[in-house]
Amino acid sequence: MTQILDSPLMASLLESDFPEEVFLVELDRKPSMHMAVRAENVPGYDVVHGLGCAKTAAEAAQMAAYYGFPGQPVSLTFEQARTLAKSKPDPIVGLLLEDGNGHCIAFHFVK
């Protein structure tokens with residue numbers, strides 16, 4: 001784990017602040033289920049699974065379109081999103097803040 005945290009990419013992602021309000025995508029066919037996405041470029045991991053979130057509703061809608069998931073953006077506080085991520089079974093391990101175009105700009109491990 002120390003080697004991972006020493007990575008410049010990892011440090012830049014971990015140091016990024018999540019906004020107080022984040023937007024997740026609630027899937028149309030499965031109410032109350034939120035989209036899980038993956039970040040493949042995390043040093044030390046093949047794939048990190050997490051709940052995808054965005055800074056704005058527009059970015060969340062763009063993210064849903066990018067991944068092909070039909071759904072609506074929902075607003076949650078960062079703490080609510082953390083709690084939701086903790087409640088999900090493995091392999092979900094955190095929150096992935098995305099830019100709407102499939103790029104992870106920050107992540108937050110919850111387990």
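**Notes on a predicted chain**

1. Strand β1 covers residues 21–27 and strand β4 covers residues 71–77. The two run antiparallel, joined by 7 bridges. Strands count as paired if DSSP finds at least two bridges between them. Is β1 enclosed or open? Of its 7 residues, 5 are buried, so β1 is largely enclosed by the rest of the structure. Buried means under 20% relative accessible area, exposed means over 50%, and partly exposed lies in between (1.4 Å probe, protein chains only).

2. Know the ground rules. This is a predicted model, in which local features need pLDDT of at least 70, side-chain atom pairs count only at pLDDT 80 or more, and totals for chains, interfaces and linings use all residues. Residues are numbered from 1 along each chain as its sequence is written, and side-chain values use heavy atoms, with hydrogens and water left out.

3. Check the confidence next. The pLDDT score is the predictor's confidence in each residue, from 0 to 100. Its average over the chain is 80, and 77% of the residues reach at least 70. Among the elements, α4 has the highest mean, 93, while helix α1 (residues 2–6) has the lowest, 41. Over residues 1–13 the score stays under 50. For that stretch the model has 18 contacts beyond four places in sequence. Contact means heavy atoms within 4.5 Å.

4. Now the overall layout. The chain has 4 helices and 6 strands. Their order from the N terminus is α-α-β-β-β-α-β-α-β-β. Helices (H or I, at least four residues) and strands (E, at least two) are DSSP runs, numbered from the N terminus. Of the 111 residues, 40% count as buried. Among contacts with a separation of 6 or more, 68% link residues 24 or more positions apart.

5. Which residues have the most contacts inside the largest nonpolar core? They are Phe18, Val22, Leu24, Leu51, Cys53, Ala81 and Leu95, in a core of 15 residues. Strands β1, β3 (48–53) and β5 (92–98) and helix α4 each supply at least two of its residues. The largest share, 4 residues, comes from α4. A second, separate core has 12 residues, including Met35, Ala60, Met63 and Cys104. A nonpolar core is a set of buried Ala, Val, Leu, Ile, Met, Phe, Trp, Tyr and Cys residues joined through side-chain atoms within 4.5 Å.

6. Look closely at Cys53. Beyond its neighbours within four places in sequence, Cys53 contacts Phe18, Val22, Phe23, Leu24, Met63, Leu95, Leu96, Leu97 and Glu98.

7. Two residues of α4 deserve a look. Arg82 lies in this helix, which spans residues 78–87. Its relative accessibility is 18%, so Arg82 counts as buried. A polar contact of 2.6 Å links the side chains of Arg82 and His108. (Such a contact is a pair of N or O atoms within 3.5 Å; within protein, one must be able to donate a hydrogen and the other to accept it, and residues adjacent in sequence count only if both atoms are side-chain atoms.) Leaving out residues up to four places away, Arg82 touches Leu95, His108 and Val110. Lys86 is also found in α4. Lys86 is partly exposed, at 43%.

8. Most peptide bonds are trans. The bond joining Asp90 and Pro91 is cis, with omega about 20 degrees. Pro91 sits in the loop between α4 and β5.

9. Finish with the hairpin. Strands β5 and β6 (residues 104–109) run antiparallel, with 5 bridges between them. Gly94 stands opposite Phe109 in β6. The hairpin has 5 residues between its strands, and there Gly100 takes a positive phi near 95 degrees.
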